[in-house]
Amino acid sequence: PVLLGCSSAQPGVCPALCECSEPAKTVKCVNRNLTAVPPDLPPYVRSLFITGNPLTDLPAGAFPAQRLPDLASLNLSGNHLQTVEAGSLALPALRQLDLSGNALVSFSPQAFGEGGSPLEELALRGALRNHGVLLSLAALLQSGALRNLSRLELADNGLVLLPAGMFTALPALRHLDLSNNSLVGLRNVSFQGLGQLQSLNLSDNSLGVLWNSTLAQFRSLPVLRHIVLGHNTWVCDCAIEDLVAWLKESDQVEGKEALTCASPDKMLGKALLKINGSDLNCSVPTDLPSQLQTSYVFLGIVLALIGAIFLLVLYLNRKGIKKWMHNIRDACRDHMEGYHYRYEINADPRLTNLSSNSDV
């Protein structure tokens with residue numbers, strides 16, 4: 001009993017439900033029915049595994065920074081985590097974090113503390129089924145708190161669309177995994193600023209086409225050499241011409257020979273690299289100058305018809321118009337004679353006096 005009491009007071013004692021290796025700096029608490037993070041984790045730990053437990057909440061201070069100054073790798077996958085509160089992951093040496101296989105409902109943008117985090121790898125496979133959590137993660141990434149992040153895994157989340165500008169504050173990102181989701185497009189996704197991006201996995205999604213704006217971003221990334229596009233639902237109509245042209249000229253896509261059309265039926269299974277303009281049968285408009293010439297001729301005919309109607313109306317009413325013109329001429333002449341008479345009277349003082357006497 002005395003020896004047991006002495007050993008329990010030592011800071012390096014392993015928690016009762018965990019397995020520890022001080023030489024390897026590792027602690028494993030796997031499938032131990034834990035409902036909270038053990039409060040007595042040894043301070044030497046660098047790699048911590050807490051997996052397969054009914055753990056639902058990570059409160060602030062769940063991993064005290066002062067007690068765990070060297071904790072660099074934290075695996076919390078396969079638990080029942082729903083809430084990650086502010087300050088719960090504020091660890092000064094944390095480089096790797098795995099939250100895969102949890103049913104997250106709330107993820108605080110301040111989970112890593114007020115300042116920046118040294119985190120380099122973040123795995124969230126199957127943990128973002130809740131749309132609100134996706135928005136919180138986007139806010140976290142956009143805040144710049146994870147500027148050191150080099151690997152981000154967002155596979156297996158059923159994502160349909162990604163928040164705009166989600167990756168713009170990740171200048172160190174090298175590997176981005178978006179596979180096995182339900183992405184239907186990337187038009188609102190910006191890859192600008194990802195100058196270090198080397199690999200992008202977009203396989204097993206619902207992409208029907210990649211527009212020229214997205215392809216231009218791919219071309220602008222200097223070290224992006226591994227793009228995976230397999231198992232998508234490519235729609236081989238006229239809109240896919242830019243994608244086909246890019247595939248033929250680019251060396252960025254892995255396994256591009258295996259990419260095939262999913263629709264329409266006549267193109268089903270056809271390799272994208274073997275598509276040409278005649279296969280797509282795009283409706284090409286008729287010659288534009290001919291269209292313009294036809295339009296001008298029609299406009300001229302309409303204007304000529306209006307002019308003819310106007311002249312006909314004038315001809316039928318010529319007598320009335322002539323009488324109207326004479327009336328206007330006589331009225332103007334009388335009006336001008338009146339003005340002339342008044343001018344002469346005002347100009348000659350004798351006529352003015354005569355006019356006054358006559359009035360008297």
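Strand E12 (residues 199–201) and strand E13 (residues 226–228) run parallel to each other and are joined over three bridges, where two strands are said to pair if DSSP finds at least two bridges between them. Within this pair, Leu200 has Ile227 of E13 as its bridge partner. The model is a predicted one, in which local features need pLDDT of at least 70 and side-chain atom pairs count only at pLDDT 80 or more, whereas totals for chains, interfaces and linings use all residues. Residues are numbered from 1 along each chain as its sequence is written, and side-chain values use heavy atoms, with hydrogens and water left out.

**The chain and its sheet**

The chain holds eight helices and 16 strands, which are DSSP runs numbered from the N terminus (H or I over at least four residues for helices, E over at least two for strands). An open sheet of mixed pairing is built from 11 strands, which follow one another in the order E1-E2-E3-E5-E7-E9-E10-E11-E12-E13-E15. Strand E1 (19–21) and strand E15 (253–254) each have a single partner strand and stand at the edges, so one side of each is left without a neighbour in the sheet.

Of the contacts (heavy atoms within 4.5 Å) with a separation of 6 or more in the chain, 59% join residues 24 or more positions apart. The accessible surface of the chain comes to about 20,100 Å², and carbon and sulfur atoms account for 57% of this area; the areas come from the Shrake-Rupley method with a 1.4 Å probe.

Confidence is expressed as pLDDT, on a scale from 0 to 100 for each residue: the chain has a mean of 88, and 88% of its residues reach 70 or more. Over residues 1–9, however, the pLDDT is below 50, and this stretch has two contacts in the model beyond near neighbours in sequence.

Leu224 sits in the loop between helix H3 (212–220) and E13. Apart from neighbours within four places in sequence, Leu224 touches Leu197, Gln198, Ser199, Leu200, Phe218 and Gln252. Its C-alpha atom is 8.4 Å from that of Gly195, a residue 29 positions away along the chain.

Asn232 belongs to the loop between E13 and strand E14 (234–235). The side chain of Asn232 has a polar atom 3.5 Å from the backbone nitrogen of Ser206, and a polar atom of this side chain also lies 3.4 Å from the backbone oxygen of Gly230. Leaving out residues up to four places away in sequence, Asn232 is in contact with Leu202, Ser203, Asp204, Asn205, Ser206 and Leu207.

| Residue | Relative accessible area | Class |
|---|---|---|
| Leu224 | 0% | buried |
| Asn232 | 8% | buried |
| Asp177 | 14% | buried |
| Arg125 | 29% | partly exposed |
| Arg32 | 36% | partly exposed |
| Glu19 | 49% | partly exposed |

**Salt bridges**

Another brings together the side chains of Glu153 and Arg125, at 3.8 Å from N to O. Glu153 is in strand E10 (residues 151–153) and Arg125 in the loop between strand E9 (121–123) and helix H2 (131–142), so the pair ties together parts that are 28 residues apart in sequence.

Arg125 also forms a salt bridge with Asp177, where the closest N and O atoms are 3.0 Å apart. Since Asp177 lies in strand E11 (residues 175–177) and Arg125 in the loop between E9 and H2, the parts tied together by this pair are 52 residues apart in sequence. Arg125, Glu153, Asp156 and Asp177 are linked in a network of salt bridges.

Methods: Buried means under 20% relative accessible area, exposed over 50%, partly exposed in between (1.4 Å probe, protein chains only). A polar contact is a pair of N or O atoms within 3.5 Å; within protein, one must be able to donate a hydrogen and the other to accept it, and residues adjacent in sequence count only if both atoms are side-chain atoms. pLDDT is the predictor's confidence in each residue, from 0 to 100. A salt bridge is a side-chain nitrogen of Lys or Arg within 4 Å of a carboxyl oxygen of Asp or Glu.
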